[in-house]
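Subject: Structure for your files

Hello,

The structure you asked about is below. My notes on it follow.

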Amino acid sequence: MLRRERDTALECILRYMVRLLTEPLAVAGHQVPGWWTADGPRGLPEDSKFSTGHANFGIAHGMPGPLALLALSSRAGTTVDGQEQALDDGITFLTTWAEPTSEATLGWPELLPLRDFLKGPVSGAAPGRPSWCYGTPGIGRALQLAGLARRNDAARQFAEHAVLGSITDARQLSQLEDTTLCHGWAGLLLTCDRIAADAMAPAIARELTVLRSHLSARMVRNEIPENGGLLSGSAGVLLTLHTLSTPRPTDLGWDRCLLLN
């Protein structure tokens, strides 16, 4: 919709995103963010751990997605009332919840049930997989975009520092098990390419060659998903390679669905 003329449907979507980020809810007598998910990550009622829902931090399924959409909309010149406040609130939330890991980097939890969310951020957690869907690179891109939209250099630097730590940590990189766009090397490479293009310092851009070599090595070993899907199949991997091999400033546009650009 952002590529078309402004219309009522887009405004309704943006107003809803604003409410998610600015209007809290009450769950089991506790105040939680408006983007709180009512069920568990699998949507199964028998999962008692998530009987009161959960906080989801992934750009694919959680709070960074609405934040990135509002940031991209603001940068495109399309805004609604409360959008600036929503972006500021999103920046505050993500910078507050960035947890020091056991590897002396910064990261975010993937998801938390109510009891863990109420404890607040903790330090010393094992770093997660640096993927687009749930990992530090995807979340960091949402924070970077919000910083760009609000001209908040501190937020941008914070996001870029967190991402750089995740892609230079061998323990985190070793958790990537496939080449996919959603949670593998293709998604990491594409996300970091978009982050590097807007970064305040060249450190992330210097790591792109290393990330590309990891993906290429797995392609040589024919580690390509058998299915043809975009997120978890060969289409996403091949599109990523094609996109990053196409001379700039060509804008293929397909990665907008990932809220990266």
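Ala 162 sits in helix α6, residues 153-167 (helices are DSSP runs of H or I of at least four residues, strands runs of E of at least two, both numbered from the N terminus). This is a predicted model, in which local features need pLDDT of at least 70 and side-chain atom pairs count only at pLDDT 80 or more, while totals for chains, interfaces and linings use all residues. Residues are numbered from 1 along each chain as its sequence is written, and side-chain values use heavy atoms, with hydrogens and water left out.

Ala 162 is buried, at a relative accessible area of 1% (buried is under 20%, exposed over 50%, partly exposed in between, with a 1.4 Å probe and protein chains only). Leaving aside residues up to four places away in sequence, Ala 162 touches Leu 106, Trp 108 and Thr 136 (contact means heavy atoms within 4.5 Å). Ile 59 is 103 residues from Ala 162 in sequence and 15 Å from it in space, C-alpha to C-alpha.

For the whole protein:

- The protein has 10 helices and 6 strands.
- The C-alpha atoms fill a box of roughly 55 × 45 × 35 Å along the principal axes.
- Of the 261 residues, 51% count as buried.
- Among contacts between residues at least 6 apart in sequence, 65% join residues at least 24 apart.

Regards
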